[in-house]
Amino acid sequence: MKRRLGKSGRTTGSSGPASRQNADGEKQAAMADERITAATLEESAAGKDTGGLSGSFAEGRVETTRGSKGLLASGVVLMAGAALLSKLIGVFQKIPLQNLAGDRVFGIYNAVYPFYQLAAVLATAGLPTAVSLLIAERLRKGNDPEGVRRTLYAALLLLGVTGIVAFGLMWSGAETTAGWIGDSDTAGAIRSVSFALLLSPFVAALRGYAQGLGRMGLSAASQVVEQMIRVGTMLLVLALSWSAGWEESTIAAGVMSGSAFGACAALVVLGLQSWRARRREKLSPQAGLLRAEMKKLAMIALPVALGAAVVPVLGVVDAFMVPRLLQEGGATEAESMSLFGIYSRAQPLVQLVVMVAGAAAAALVPGLVLARMRGAYSQLRVQLSFAERASWAIGAAAALGLVMLAEPLNRMLYQDSAGTFSFALVGCTALAGSVNAITAPVLQGLGAVRVPAVLLLVAALLKGVFNAVLVPLYGIEGAASAGIAALTAAALLGTLAVRFKAAEAGASLAGSWGARRGAGEGRRPLLGSAAAGTALALAVMAAALAVAERALGAALGGLPPRAAAAALALTCVAVGACAFGAAALRGGAVSARELRALPGGGVLAARLQRWRLMPRAREEE
């Protein structure tokens, strides 16, 4: 019998099925934390997608040679990377849509898609997490392939029913929903996107199954493939519409069909791999066990689905109210939907800012949880204080940049400067959006799991009230102002909730914006308070952008308008980011001690001090 020496010094080899099963059991236990942690990333992926294969996993058996820490890191990195990439693709697909199809098709897309998001969230949200948790639990307790398959079949059956119901409601109610939106041409797009509801539930079940078995690469690949096929379908429809001369409603319906094709592609990727790794044994036909498993899945998934359903509600509020209110002001159906498209122009950039802020916040959560569990209140206070100040500072910088560069950005992305004022107003929501994106995971890390959903619901209700008041008076600028007011209220409430939970956990944030750093924490920064440092950084950024705009405006005068706008916008974005970052570091908005409290922050702090961007502590000199 062939034998070899393992890393631990013990001989390993094919010593029989019993020893292999023992090793598998140990590996499954080591990987349980990875499955549970990475499972939740499916729910926070881009929009409704709450979505080279790595690893080879058999059903009920996991093969790996890495330690549990490496497995956890690799699984989380794969899922987080796939979520960010798919979100990025989804955000930027809207720009060529407007460029090639116009503002009305862009408006129809932005009016219809939130309804699909809402239906998909209610039909599928929480199930991937529930499936992966139950499978991970079974594999932790022992090799239970029959229980794993039962969980998968129960999920497929449960999600199949919810998907069919959601499809039926969306298809049959298309005309009614189009009437609520205020544009009868949206009915075709609603029916087109409803087909995705027949497929996306099965995709959700198989993703949860893959995560439960530790196949993070498979789940991540399916998310990226789904988004790429969606975008490819959209581009194909736009190309065909040019040569065929399709009507705008037909183009919108064709573009929305990309969701169904994307779900189909993800289903093929997940289904083929699961079929290859299937087992030959048949599942014992016990209907009672299957019903009990479905009930267990529903109990885990329902709270998650209800919480996740709040996210697309903001979009649904705008889709229901803005076009109809514009029509009451004298606009036709076509004009109101074109105006809605113009109103939606800045949203991809705001979503990009919010996405980056949320991804950065997600990296803080494990440290927050660990510090809270260990009772390390000083470290917890430092991390919470940094997260709070960073959310407001980064959000303010992004909002300032979008406001000052509204015209060149609008022209660069959408060919003209229509709706530049509303573009700037929507850009202001980047501040509150960043704060909300950071406070939500921070609150979850502090144990307040339901608070973020409640805050979003409050924002949706306020948005509806402000829309009703402001849109008839000011049109799309009123809708943008309503968004600023509603999201800012949610951001302020979220900040207060974080402070309350922090004080409850023994890490009060009182004075976190103005307390001077003592000698024990290193040299005082140029300004005594973090608030003053942040204000200085914003002022330096505004001045740098003003100078750069004036200088480049004259130098780029000979270029075509869109090329000049692109050169001006991209250069000013780089100048503004560098000016804000350097001024914030030198002005004391953040200290080296705070950076060192973050994952990987020690290396970053050392480099910034070496480059003289951050004051060096006394004890290091």
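Predicted model: local features only at pLDDT ≥ 70, side-chain atom pairs only at ≥ 80, totals over all residues.
Residues are numbered from 1 along the chain as its sequence is written, and side-chain values use heavy atoms, without hydrogens or water. Local features need pLDDT of at least 70 and side-chain atom pairs 80 or more, while chain totals use all residues.

**Whole chain.** Start with everything shown: 25 helices and four strands (DSSP runs of H or I, at least four residues, and of E, at least two, numbered from the N terminus). Of the 621 residues, 51% are buried, meaning under 20% relative accessible area with a 1.4 Å probe. Accessible surface comes to about 26900 Å², with 66% of that on carbon and sulfur atoms (Shrake-Rupley, 1.4 Å probe).

**Select 530–555 and 561–587.** These are α22 and α23, whose axes come within 8 Å and cross at roughly 155 degrees (lines fitted to C-alpha atoms over the stretch in contact, angles from 0 to 180 degrees between N-to-C directions). The two helices are therefore roughly antiparallel, the label for angles over 145 degrees. Now show side chains at the contact (heavy atoms within 4.5 Å): α22 brings residues including L536, M541 and L552, and α23 brings L568, V575 and F580 among them. By class, the contact has 16 nonpolar, four polar and one charged residues, with Gly counted as polar.

**Select 406–414.** Here α18 has seven of its nine residues buried, so the rest of the structure largely encloses it. Color A406, P408, L409, N410, M412, L413 and Y414 to see the buried set.

Key. Parallel < 35°, antiparallel > 145°, perpendicular 65-115°, else oblique. Buried < 20%, exposed > 50% of the residue type's maximum accessible area, 1.4 Å probe, protein only.
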